[in-house]
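Subject: Structure for your review

Dear colleague,

Please find below the structure that I am handing over to you, followed by an account of what was found in it.

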Amino acid sequence: MVEVKNIVVIGVGLMGNGIAQISMMAGYNTTLVDISQEIIDKAVVGIEGGLQKLESKGVLKAAEVLARMKTSLDLASAVKDADLIIEAVVEDMDVKKNIFKTCDDNAPPHAVIASNTSTMSITEMATATNKPDKCIGIHFFNPAPLMRLIEVIAGEKSSEEAMEIGMKVSESLPCLRGDRYVAKVLKDRPGFIVNRLNAPGGIYMNYLLDTCLEKGIPFESLDADLGQRGPMSSLVLSDYTGIDTGYHVRNYYADTLHEDFRPGKVITKMFNEGKLGRKTGQGFYDWSKGRPQPDFSKIKKAGIANPTVFLAIRLNEGCRILEEGIASGWKVIDDANMAGMNAPGPFEIGIPNWEGLVKLLEETAEKLGREYLKPCELFKSGKFVDMK
Ligand SMILES: NC(=O)c1ccc[n+]([C@@H]2O[C@H](COP(=O)([O-])OP(=O)(O)OC[C@H]3O[C@@H](n4cnc5c(N)ncnc54)[C@H](O)[C@@H]3O)[C@@H](O)[C@H]2O)c1
C-alpha cells in the first residue's frame with residue numbers, strides 16, 4: 001500500500017480549511033488549492049489562529065505544523081506529487097468532474113482522488129477519470145477538526161486498496177473533541193450512513209408541522225412535544241441549520257429515494273417567504289435578539305408528536321442501510337451516529353422492543369399515508385438483531 005505523505009485539499013472554504021488543518025496536524029505535507037487568493041488567505045489566517053490557540057494550550061508547535069503547508073491557485077501543478085487529493089469545492093457535479101479529470105491528468109498514477117461531497121455520486125465523478133478504482137469519497141462533518149465522524153465511501157469501481165488508504169489516513173486525522181471515528185461506507189447511496197439514517201424523520205416532521213398549520217397550533221407547542229435535544233430544541237435547531245437547507249435536503253431525498261420526502265406545506269411556505277431561520281432573523285422563532293431559548297415548562301404542549309415514532313423510523317432506516325449493503329453491521333451505524341450527531345443510534349436502544357416499534361411504524365405509515373415509512377422486510381423479520 002502506498003504511504004501517504006502529500007495531501008492536496010482543493011477548495012478551502014468552510015469545509016476545506018478545517019480538513020487542511022487536521023491534515024497538517026497529522027503530519028502530512030498539505031497543499032491548499034482554491035480559485036480565489038482571497039479565500040486561500042482567509043483559510044490560512046483561520047488555520048494559523050486555530051493552531052496558535054492549540055499552541056497556547058501546549059498541544060503543538062504552530063510553526064512546526066505550518067511548515068508543512070503550501071498554497072496554490074494552480075491545480076494541475078499542485079497535484080504533481082500528491083498521494084491523496086481531497087476535493088471540497090462547491091456542490092456541483094460538473095465542477096467536481098472537471099477537478100477529478102485535472103487530477104487524473106496531472107497527479108501521479110498511484111494518487112487516490114477523494115470527494116467530500118454530501119450528496120453526489122462518487123461513481124459518477126469517477127467516470128471523469130481513467131482510474132475509477134482510485135476514486136473514493138471522504139465525507140467530513142462540519143467543522144472537520146471538531147466533529148468526530150468521517151465516512152469513507154466506496155464508489156462502484158473503487159479498489160480495496162484506495163479504500164484502505166482512505167480509511168488509514170482518515171483514522172490518523174486528529175479530532176479536537178473526542179476520538180476520531182471512521183465509518184466504512186460500502187455502497188455509494190444517497191446520504192451515505194448518518195445523513196440517510198436521519199433523513200426520513202423529516203417525513204414525520206412534515207406531517208407534524210402541517211398538522212400545526214391545519215389546526216392552528218403554535219409551532220412552539222409542537223417543539224414542546226419534542227422536548228429539548230442537546231443544546232437546542234428541534235425547531236431551534238431547524239432554524240439554526242436553515243429552513244432552506246431543510247427544504248433542499250428534502251427535495252434531494254425525494255429525487256433520489258422516494259417522493260414521500262418532498263417538503264410539506266409549512267417548509268415550502270417558509271422557504272418561499274424567506275423565513276429561513278437564524279440567517280434571516282425569522283424562522284419558527286424570532287432570532288433578532290439572538291438564539292431563542294423557549295421555556296418548555298411554560299409552553300402548552302401540542303400533544304400531537306410521539307418521540308418514539310422517530311426512533312422507529314430511524315431503526316427502520318438503519319435496517320434499510322443494512323438491507324442495501326451500505327454498512328457491514330448495525331454497530332457501525334450506531335457508532336457513526338454517535339460520532340456524527342452526538343446522539344445514540346437506533347439499534348442499541350430499539351432492539352429490546354423492536355417488535356413494538358414495527359407495529360408502531362405500521363400504524364404510523366397507515367395513518368399518515370406515507371409508503372416510505374412502512375417497515376422494510378429486514379425490520380419486520382427481526383433478523384437485523386444478529387447483524388451487529
Ligand atoms: N458545509 C457543510 O456543512 C458540509 C458538510 C459536509 C460536506 N460538505 C461538502 O463539502 C463541499 C464544500 O462545501 P463548503 O460548505 O465548504 O463550500 P464553500 O462554498 O464554503 O467552499 C467551496 C470552496 O471551493 C472553491 N472552489 C470552487 N470552485 C473551485 C475550483 N474549480 N477549484 C478550486 N476551488 C474551487 C470556492 O472558491 C470555495 O472556497 C461540498 O461538496 C459540500 O457538499 C459540506
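Eight strands form an open sheet in the order 3-2-1-4-5-6-7-8, and the pairing within it is mixed. Its edges are strand 3 (69-72) and strand 8 (181-185), each of which pairs on one side only. On average, and with direction ignored, neighbouring strands of this sheet are turned by 25 degrees against each other. Please bear in mind throughout that this is a predicted model.

Strand 6 runs parallel to strand 5 (112-115), to which three bridges join it; here Cys135 is the bridge partner of Ile113. With strand 7 (residues 149-154), strand 6 pairs in the antiparallel sense over five bridges, and Ile138 has Val152 of strand 7 as its bridge partner. Strand 7 in turn pairs with strand 8 in the parallel sense, again through five bridges. In that pairing, Glu151 stands opposite Ala183 of strand 8.

Two helices that lie across these strands may be noted. Helix 5 (93-106) lies across strand 1 (6-10), strand 4 (84-87), strand 5 and strand 6, and runs at about 165 degrees to strand 5. Helix 15 (residues 330-341) lies across strand 7 and strand 8, at about 130 degrees to strand 8.

Next, the surroundings of the ligand. Which residues are closest to the ligand? They are Gly11, Gly13, Leu14, Met15 and Asn142, out of 23 residues that surround it. Helix 1 (14-25) and helix 5 are the elements that give two or more residues to this shell. The largest share, three residues, comes from helix 1. Asn142, one of the closest residues, is joined to Pro143 by a cis peptide bond with omega of about -5 degrees. Pro143 has its place in the loop between strand 6 and strand 7.

The loop between helix 5 and strand 5 holds Ala107. Is Ala107 buried or exposed? It is buried, because 26 C-beta neighbours lie inside 10 Å and the cut-off for a buried residue is 20 or more. Leaving aside residues up to four places away in sequence, Ala107 touches Val79, Ala82 and Ile85. Lys168 lies 61 residues from Ala107 in sequence, and the distance between their C-alpha atoms is 20 Å.

Helix 10 (residues 219-226) has Glu220, Leu222, Asp223, Ala224 and Leu226 as its buried residues. The elements that cover them include helix 9 (201-215), strand 10 (232-233), helix 11 (234-241) and helix 14 (307-323). After helix 10 comes Gly227, with a positive phi near 75 degrees.

Phe192 is buried, with 26 other C-beta atoms within 10 Å. With 15 other C-beta atoms within 10 Å, Asn342 is partly exposed.

Finally, the protein as a whole. Its secondary structure comes to 18 helices and 10 strands. The radius of gyration is 22 Å, close to the 21 Å given by the globule rule for 388 residues, so the protein is as compact as a globular protein of that length. Taken along the principal axes, the C-alpha atoms fill a box of roughly 60 × 50 × 40 Å. Buried residues make up 45% of the 388 residues. Of the contacts with a separation of 6 or more, 69% are between residues 24 or more positions apart.

Yours sincerely

Conventions
Residues are numbered from 1 along each chain as its sequence is written. This is a predicted model: local features need pLDDT of at least 70, side-chain atom pairs count only at pLDDT 80 or more; totals for chains, interfaces and linings use all residues. Helices (H or I, at least four residues) and strands (E, at least two) are DSSP runs, numbered from the N terminus. A residue is buried if 20 or more other C-beta atoms lie within 10 Å of its own, exposed if 12 or fewer, and partly exposed in between; C-beta atoms are placed from the backbone. Two residues are in contact if their C-beta atoms, placed from the backbone, lie within 7 Å. A residue is near a molecule or strand if its C-beta atom, placed from the backbone, lies within 6 Å of it. Two strands pair if DSSP finds at least two bridges between them. Axes are lines fitted to C-alpha atoms, for helices over the stretch in contact, and angles run from 0 to 180 degrees between N-to-C directions. The radius of gyration is taken over C-alpha atoms; the globule rule is 2.2 Å times the number of residues to the power 0.38.
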